[in-house]
Amino acid sequence: MKKITLSLIVVITLSSCDSVKNANTSSISDATTLLSFLSSNATVQQISSLFSLLDANKDEAISSTEAIGSVAENFNVLDTENNSNLNLTELTGLLDLL
């Protein structure tokens, strides 16, 4: 129940952001749902799916404005290249944080 409530709060908060208004709402909803189910048992396949859902402009990178939930909360830790974007390899680091 806690995860569902948090997911709803994230979706509501994100829907008010300008960068999200231009994004596909169903992708954000799907990403929020996937994030809520990720655990220490998550697979690289799930992280890859999350990457695709979060990469709203399809530039093969997740910017801080595209990041949500635990990805946004840990963005600076995950951004090991310090280029203000996350590539798939960096996002896979989320598995270590779960």
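These legends walk through several close-up views of a predicted model of one protein chain.

**View 1. The whole chain, from end to end.**
Let's start with the overall layout. The chain holds eight helices and two strands. Reading from the N terminus, these elements follow the order α-α-α-α-β-α-α-β-α-α. Of the 98 residues in the chain, 35% are buried. The accessible surface of the chain is about 6000 Å², and carbon and sulfur atoms supply 55% of that area. If we look at contacts between residues with a separation of 6 or more, 41% of them join residues 24 or more positions apart.

**View 2. Confidence along the chain.**
The chain has a mean pLDDT of 80, with 74% of its residues reaching 70 or more. Which element has the lowest mean pLDDT, and which the highest? The lowest value, 44, belongs to helix 2 (residues 18–21), and the highest, 98, belongs to strand 2 (residues 85–86). Residues 1–22 have pLDDT below 50. Beyond near neighbours in sequence, that stretch makes 16 contacts in the model.

**View 3. Helix 4 and its buried face.**
Helix 4 covers residues 44–54. Its buried residues are Ile47, Leu50, Phe51 and Leu54. Viewed down the helix axis, these buried residues fall within an arc of 105 degrees, so they line one face of helix 4.

**View 4. The largest nonpolar core.**
Here we move to a group of 19 residues that forms the largest nonpolar core. The members that touch the most other members are Leu38, Leu50, Val71, Leu91 and Leu94. Two or more residues each come from helix 3 (25–37), helix 4, helix 6 (75–78) and helix 8 (94–97). Helix 4 gives the largest share of this core, with four residues. For a closer look, pick leucine 50: apart from its neighbours within four places in sequence, leucine 50 is in contact with Ala31, Leu34, Leu35, Leu38, Val71, Leu91 and Leu94.

Serine 36 is part of helix 3. With a relative accessibility of 14%, serine 36 counts as buried. Its side chain reaches the backbone oxygen of threonine 33 at 2.6 Å. Now turn to lysine 58, found in the loop between helix 4 and strand 1. Is lysine 58 buried or exposed? Lysine 58 is exposed, as its relative accessible area is 55% and the cut-off for exposed is over 50%. A polar atom of the lysine 58 side chain lies 2.7 Å from the backbone oxygen of serine 52.

**View 5. Serine 39 and leucine 95.**
The loop between helix 3 and helix 4 contains serine 39. This serine 39 is partly exposed, at 30% relative accessibility. How many residues apart in sequence are serine 39 and leucine 95? The two are 56 residues apart in sequence, and their C-alpha atoms are 7.7 Å apart in space.

**View 6. Serine 63 in strand 1.**
Strand 1 spans residues 62–63 and includes serine 63. Serine 63 has a relative accessible area of 18%, and because buried means under 20%, serine 63 is buried. Which residues is serine 63 in contact with, leaving aside its neighbours within four places in sequence? They are Phe75, Ser84 and Asn85.

Most residues other than glycine have a negative phi. Against that background, asparagine 82 is worth a visit: its phi is positive, near 50 degrees. Asparagine 82 sits in the loop between helix 6 and strand 2 and is exposed, with a relative accessible area of 66%. Serine 84 also belongs to the loop between helix 6 and strand 2. The phi of serine 84 is positive too, near 65 degrees. Serine 84 counts as exposed, at 52% relative accessibility, and is among the residues in contact with serine 63 from the previous view.

Terms used. Residues numbered from 1 in each chain as written. Heavy atoms only, no water. Buried < 20%, exposed > 50% of the residue type's maximum accessible area, 1.4 Å probe, protein only. Arc of directions from axis to C-beta. Contact = heavy atoms within 4.5 Å. Areas by Shrake-Rupley, 256 points an atom, 1.4 Å probe, with all protein chains shown as cover. Core = buried A, V, L, I, M, F, W, Y, C linked by side-chain atoms within 4.5 Å. Polar contact = N/O pair within 3.5 Å; in protein donor to acceptor, adjacent residues only side chain to side chain. pLDDT = per-residue confidence, 0-100.
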